[in-house]
Amino acid sequence: MNGIAAPIVAYEPSPTQDFLKPRRKVSVVMVVYMTGEALEQSLHCVLADPLVDELVVVDNGSTRIEAARLKGLAERDGRVRLVSGHGNVGFARGANLGANQAQGEVLVFLNPDAFLQPGAIAELVRAIEGRPAPCIVGGRVLNADRTEQRGARRGDITLTSALLSLSHLAQHVPAWRRYEVHWENEAAPDVVAAVPTISGACFCMRREDFATLQGFDEGYFLHVEDVDLCWRVREAGGEVLFQPKAEVIHLGHTSHASPVKVEFHKGVGLARYFRKRAVSVTDRVTAWLLSPLIVCTAVVRPVMWRFRGRAA
């Protein structure tokens with residue numbers, strides 16, 4: 001173990017929980033694309049958990065060195081299944097490929113720059129047992145300093161709530177506070193709680209629920225597919241749950257991909273999501289008219305980050 005996450009990676013394997021014996025087989029699905037140093041340590045955390053029966057790594061694109069390491073890991077550890085050779089098909093399609101290859105009855109989707117903490121898998125599986133279908137359970141996503149990460153649990157993301165939240169009007173106008181979509185500054189619940197939206201950095205679903213919803217919408221290339229999935233779970237009469245005891249430390253921004261490209265895909269994804277949710281003719285027209293603005297705003301963000309950094 002070296003470098004980027006040494007102070008925060010959990011080294012001790014989590015104890016096997018009695019309530020999970022006998023239990024459903026658990027498969028972790030991880031989509032990889034130019035992740036960098038964090039990948040090796042993320043894989044280590046997954047394989048250190050005794051409740052992980054299988055790790056499916058979907059390689060959307062890695063350096064030669066990373067690809068060779070992944071191949072070697074799959075050859076050494078029978079739990080690792082490597083899916084490669086398909087190119088960069090985007091996260092949603094890659095995750096669906098991994099889910100289709102997985103043998104587990106419970107699927108845990110994990111970002112390659114996220115580090116499972118001891119007991120996280122057990123808590124996710126504990127939370128989903130006996131829940132009405134469909135159900136999705138998200139973990140508590142933390143920053144390296146163990147503060148809750150932005151986006152770990154969110155309100156219902158609509159065009160209205162997104163605009164009021166982004167403009168900070170939801171924070172400053174009491175009558176509009178219900179539209180604030182970011183909840184990380186609110187006290188975290190002590191037990192499993194229903195929320196409108198959880199983070200795609202770490203969550204689990206039963207295989208049959210994921211199949212019922214036909215997995216991720218592959219119309220999303222990168223970002224917002226998790227928001228869309230939560231919305232579809234709720235539309236199907238299911239539950240979106242937040243499990244505060246399932247902790248995962250997520251670094252974020254470790255990919256070698258261009259930030260402008262990443263934010264572009266995020267903007268395109270948001271525009272698509274708002275168009276999907278539009279019901280009335282007015283909503284559809286508004287969503288289509290605002291789509292270019294949403295994409296442009298997203299692309300400008302990394303440019304502003306760089307400018308502010310230079311100014312500082």
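The model is predicted, so local features need pLDDT of at least 70 and side-chain atom pairs count only at pLDDT 80 or more, while totals for chains, interfaces and linings use all residues. Residues are numbered from 1 along each chain as its sequence is written, and side-chain values use heavy atoms, with hydrogens and water left out. The protein chain has ten helices and eleven strands (DSSP runs, H or I of at least four residues for helices and E of at least two for strands, numbered from the N terminus).

**Overall**

- Of the 312 residues in the protein chain, 49% are buried (under 20% relative accessible area, with exposed over 50% and partly exposed in between, using a 1.4 Å probe and protein chains only).
- Among contacts in the protein chain with a separation of 6 or more, 83% join residues 24 or more positions apart (contact means heavy atoms within 4.5 Å).

- Eight of the eleven residues of α1 are buried, so α1 is largely enclosed by the rest of the structure.
- These buried residues are A38, L39, Q41, S42, L43, C45, V46 and L47.
- They pack against the strands β1, β2, β3 (80-83), β4 and β5 (114-116), and against helix α2.
- S42 lies in α1 and is buried, at 0% relative accessibility.
- Leaving aside residues up to four places away in sequence, S42 touches M30, L110, N111, P112, A114 and F115.

**Helix pair α1 and α2**

- Helix α1 (residues 38-48) and helix α2 (residues 64-76) have axes that come within 12 Å and cross at roughly 15 degrees (axes are lines fitted to C-alpha atoms, for helices over the stretch in contact, and angles run from 0 to 180 degrees between N-to-C directions).
- That angle makes α1 roughly parallel to α2 (under 35 degrees; over 145 is roughly antiparallel, 65 to 115 roughly perpendicular and the rest oblique).
- L39, E40, L43 and L47 of α1 make the contact with R69, L70 and L73 of α2.
- By class, this contact of α1 with α2 has five nonpolar, no polar and two charged residues (Ala, Val, Leu, Ile, Met, Phe, Trp, Tyr, Cys and Pro count as nonpolar, Asp, Glu, Lys and Arg as charged, and the others, Gly among them, as polar).

**Helix pair α8 and α9**

- Helix α8 (residues 225-235) packs on helix α9 (residues 259-277) at an angle of about 20 degrees, with the axes 10 Å apart.
- At that angle, α8 is roughly parallel to α9.
- On the α8 side the residues are V227, D228, W231, R232 and R234, which meet Y273, K276 and R277 in α9.
- The contact of α8 with α9 has three nonpolar, no polar and five charged residues.

**Helix α3**

- In α3 (residues 91-101), the buried residues are F91, A92, G94, A95, N96, G98 and A99.
- They pack against β1 (26-33), β2 (54-61), β4 (106-110), α7 (207-212) and α8.

**Cysteines**

- The structure holds zero disulfides (a disulfide is a pair of cysteine sulfur atoms within 2.5 Å).
- C202 is in no disulfide, and the nearest cysteine sulfur, that of C204, is 8.1 Å away.
- C202 is buried, with a relative accessible area of 1%.
- C204 is also in no disulfide, and the nearest cysteine sulfur, that of C135, is 7.4 Å away.
- The relative accessible area of C204 is 0%, and C204 is buried.
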